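I opened the notebook to look up a few features of this protein one by one. Entries follow in the order I took them.

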Amino acid sequence: MSIEYKFHPNKKATIITAPFSGGQPKGGVELGPEYILNAGFQKQIDSLGWKTTVENPLEKVSLEEKKSNIKDEYGVKNAAIVSKCCQLIFDASKKSLSEGKLPLVVGGDHSIGTATVGASLAHNPDTCVVWVDAHADINSPKTSDSGNLHGCPLSFLMGIDEDTYPPEYSWVPRLLKSNKLVYIGLRDVDEGEKKILREHNIAAFSMYHIDKYGIGKVVEMALDKVNPNRDCPIHLSYDVDAIDPSFVPATGTRVEGGLSLREGLFVAEEIAQSGLLQSLDIVETNPMLAETEEHVLDTVSAACAIGRCALGQTLL
């Protein structure tokens with residue numbers, strides 16, 4: 001069964017690589033895009049009827065070697081290199097959208113969410129964001145204990161505690177409205193983030209809701225919150241750690257009790273079925289954190305499957 005993509009009727013996509021680890025301290029996540037592409041990801045997407053090209057906006061910059069584990073005066077780490085990476089990914093994503101192509105960004109850590117979501121909102125301010133993740137990633141520099149910027153992308157886009165931002169983030173378009181963001185799969189949320197979610201009345205479905213209602217009902221309720229008329233474009237931002245580490249072990253911040261692999265793929269399938277997908281990112285595959293070769297294979301396979309399901313692969 002072929003899915004009609006309302007915002008990409010010509011089924012053209014740009015696979016944008018974001019080999020970057022500066023939003024968090026662990027090395028290896030910058031290898032995610034290479035492993036995913038080496039697994040035949042582009043061919044898999046092409047086989048679904050998409051015409052794809054690959055862009056590598058970070059290939060001429062050396063950001064990894066500038067990474068540090070020291071907080072700056074704003075309480076965050078690596079603001080300059082994360083901002084630089086995000087600007088390059090933002091430009092590549094925005095260019096892809098302006099050419100009528102779906103940007104499919106493969107990370108890298110989730111600090112790039114500032115870029116991918118920002119580009120989608122800059123292209124179409126009505127875009128709603130479905131954030132599939134174990135973590136809320138909405139700390140501001142003020143509320144972040146760790147100072148790791150992969151935990152802050154959404155606060156920058158919403159302008160939360162904006163007087164605490166490092167100057168490197170002044171370029172970020174603060175276009176994300178609280179009623180256009182919904183979470184699926186949360187299970188490790190900081191106290192400061194819980195407060196932000198409550199104060200801004202942001203729709204969030206944790207693993208508790210998935211256990212209670214089932215994944216089908218939760219995806220339906222999530223879309224009812226941010227896209228009630230099913231007419232707005234969707235940006236799907238997918239952190240592989242939303243899926244339980246028993247299925248996806250090679251990722252940076254593992255939290256037990258996550259989505260099963262089938263539940264995780266169902267989310268992508270259901271967003272595809274809506275026909276409203278405008279843009280996609282798949283992040284936090286870290287081959288270096290695997291204990292066995294099989295762990296690498298499982299995680300990379302899951303990341304590829306998320307992309308295929310979002311771009312129209314069906315079981316029948």
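**Entry: Asn-201.** I looked up Asn-201 and found it exposed, because its relative accessibility is 66%, over the 50% cut-off. The model is a predicted one. Asn-201 sits in the loop between helix H6 (191-199) and strand S6 (203-206). Its phi is positive, about 55°, although Asn-201 is not a glycine.

**Entry: Asn-78.** I then checked Asn-78, also no glycine, and read a positive phi of about 65°. Is Asn-78 buried or exposed? Asn-78 counts as buried, because its relative accessibility is 12%. I placed Asn-78 in the loop between strand S2 (51-55) and H3. Asn-78 turned up again among the residues that line the largest cavity.

**Entry: the cavity.** I searched for cavities of 30 Å³ or more, and the structure holds 1. The largest cavity contains about 40 Å³ of space. Its lining includes Gly-22, Gly-23, Gln-24 and Pro-25. Lys-67, Ser-68 and Asn-69 are also among the lining residues.

**Entry: the pocket.** I went on to the largest pocket, with a volume of about 350 Å³. Which residues lie nearest its centre? They are His-135, Ser-146, His-150, Gly-151 and Thr-253, out of a lining of 22 residues. I sorted that lining by class and got 1 nonpolar, 11 polar and 10 charged residues.

**Entry: helix H3.** I tested the length of helix H3 (residues 79-98). Its 20 residues should span 28 Å at 1.5 Å a residue, and the end C-alpha atoms are 28 Å apart, so the two agree. Next I listed buried residues in H3. Among them are Ala-79, Ile-81, Val-82 and Ser-83. Cys-85, Cys-86, Ile-89 and Phe-90 are buried too. Ala-92, Ser-93, Ser-96 and Leu-97 are buried as well. What covers the buried residues of H3? I found that the cover includes strand S1 (12-18), strand S3 (102-107), helix H4 (113-123) and strand S8 (277-283). Gly-100 follows H3 and has a positive phi, near 80°.

**Entry: a cis peptide.** I looked at the peptide bond that joins Gly-107 and Gly-108, and it is cis, with omega about 25°. Gly-108 lies in the loop between S3 and H4. S3 and H4 are both among the elements that cover the buried residues of H3.

**Entry: cysteines.** I searched the whole structure for disulfides and found 0. Cys-152 is in no disulfide, and its nearest cysteine sulfur, that of Cys-86, is 11 Å away. Cys-152 counts as buried because its relative accessibility is 0%. Cys-232 is in no disulfide either. The nearest cysteine sulfur to Cys-232 belongs to Cys-128, 6.1 Å away. The cut-off for a disulfide is 2.5 Å. Cys-232 counts as buried because its relative accessibility is 12%.

**Entry: Leu-197.** I picked Leu-197 in helix H6. Leu-197 counts as buried because its relative accessibility is 10%. What does Leu-197 touch, not counting residues up to four places away in sequence? I found Ile-138, Tyr-183, Leu-186, Val-189, Ile-202 and Ala-204. I also took a distance from Leu-197 to Thr-14. The two are 183 residues apart along the chain, and their C-alpha atoms are separated by 32 Å.

**Entry: helix H10.** I ran the length test on helix H10 (residues 293-310). Its 18 residues should span 26 Å at 1.5 Å a residue, and the end C-alpha atoms are 26 Å apart, so the two agree. Buried residues in H10 include Val-296, Thr-299, Val-300, Ala-302 and Ala-303. Cys-304, Ala-305, Ile-306 and Gly-307 are buried too. Arg-308, Cys-309 and Ala-310 are buried as well. I looked up the cover over these residues, which includes helix H1 (32-38), helix H2 (41-46), strand S7 (234-239), helix H9 (261-274) and S8. Strand S8 is also in the cover I noted for H3. Gly-312 follows H10, and its phi is positive, near 110°.

Definitions and conventions: Residues are numbered from 1 along each chain as its sequence is written. This is a predicted model: local features need pLDDT of at least 70, side-chain atom pairs count only at pLDDT 80 or more; totals for chains, interfaces and linings use all residues. Side-chain values use heavy atoms; hydrogens and water are left out. On a 1 Å grid over the protein atoms alone, a cavity is a set of points where a 1.4 Å probe fits but cannot get out, and a pocket is an open set with protein on both sides within 12 Å along at least five of seven lines; lining residues have an atom within 4 Å of a point. Grid points are joined across faces, edges and corners, and a volume is the space filled by probe spheres set on the points. Buried means under 20% relative accessible area, exposed over 50%, partly exposed in between (1.4 Å probe, protein chains only). Helices (H or I, at least four residues) and strands (E, at least two) are DSSP runs, numbered from the N terminus. The expected span of a helix is 1.5 Å times one less than its number of residues. Contact means heavy atoms within 4.5 Å. Ala, Val, Leu, Ile, Met, Phe, Trp, Tyr, Cys and Pro count as nonpolar, Asp, Glu, Lys and Arg as charged, and the others, Gly among them, as polar.
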